[in-house]
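This report covers aromatic pairing, helix packing and strand pairing, in that order.

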Amino acid sequence: MKLVSPGEAAANTNDIPAEAGEEFVRIGEMAKKYGVTLRTLRFYEDKGLLNPHRDGSTRLYTRRDKARLKLILLGRKVGFSLRDVKQMMDLYDPTGTNTKQLRLALDKSEKQRALIDDAIGELSNSMSVVRQMLVERTAPAQASAAG
C-alpha cells in the first residue's frame with residue numbers, strides 16, 4: 001500500500017514527459033502564485049530542486065514543478081534545510097514502496113518537531129518574563145498618577 005498522494009507523486013517523479021496539452025507556467029507567474037522571487041526559483045533550479053522545461057531562455061514550469069515547489073515551501077516553513085528537503089524528495093521511487101523515503105521524512109519530522117517544541121517553550125518563557133517586567137514598570141507609574 002502506497003502512502004504517497006498523487007500530488008506528492010507528481011512532485012517527486014523526475015522523468016515525467018510533458019503530456020500533450022499540458023499547461024506550462026512562466027517563471028513570473030510561478031513566482032507570483034507562490035509568493036517567491038524569481039531569484040528564489042532560479043536558486044531552487046540551481047540546487048536541483050526544480051527542473052523547468054526550457055524554451056530558449058524561457059523557463060516553463062509544469063504541474064510537477066508546482067507540486068515540488070509546494071513541498072519545498074512547506075519544508076522551509078517548518079524549518080527543514082533545503083538539503084533535507086532535497087534528500088527526502090530525491091528518495092522518491094515511482095515504482096517502489098517508498099518506505100525509505102517515508103522513514104526518513106518521519107525521522108526528520110520528529111526531530112524538527114522536538115526543536116520547534118523547545119523553541120516554543122523558550123519563547124513562552126521569554127514572553128512571561130517580559131509581561132512581568134511590564135507589570136512591574138507600569139504599576140509604579142499608575143500608583144504615582146493615582147496618588
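## Aromatic pairing

In this predicted model, a search of the whole structure turns up one aromatic pair. The partners are F43 and Y44, whose ring centres lie 6.3 Å apart with the planes at 55 degrees, so the pair is classed as tilted. Edge-to-face would require an angle over 60 degrees.

The two residues can also be described by their accessibility. F43 is partly exposed, at a relative accessible area of 37%, whereas Y44 is buried, at 7%.

## Helix packing

Helix 2 spans residues 27–34 and helix 3 spans residues 38–46; their axes come within 9 Å and cross at roughly 105 degrees. Helix 2 is therefore roughly perpendicular to helix 3.

On the helix 2 side, the contact is made by I27, G28, M30 and A31. Helix 3 contributes L38, L41 and R42.

## Strand pairing

Strand 3 (residues 58–61) runs antiparallel to strand 1 (residues 25–26), and two bridges join them. In this pairing, V25 has Y61 of strand 3 as its bridge partner.

Strand 3 also pairs with strand 2 (residues 53–55), again in the antiparallel sense, over three bridges. Here D55 stands opposite T58 of strand 3. Strand 2 and strand 3 form a hairpin with two residues between them. In the turn, G56 has a positive phi of about 70 degrees.

Note on methods:
Residues numbered from 1 in each chain as written. Predicted model: local features only at pLDDT ≥ 70, side-chain atom pairs only at ≥ 80, totals over all residues. Heavy atoms only, no water. Phe/Tyr/Trp six-rings, centres within 6.5 Å; stacked < 30°, edge-to-face > 60°. Buried < 20%, exposed > 50% of the residue type's maximum accessible area, 1.4 Å probe, protein only. Axes fitted to C-alpha atoms, helices over the stretch in contact; angles between N-to-C directions. Helix = DSSP H or I, 4+ residues; strand = E, 2+ residues; numbered from the N terminus. Parallel < 35°, antiparallel > 145°, perpendicular 65-115°, else oblique. Contact = heavy atoms within 4.5 Å. Pairing = 2+ DSSP bridges.
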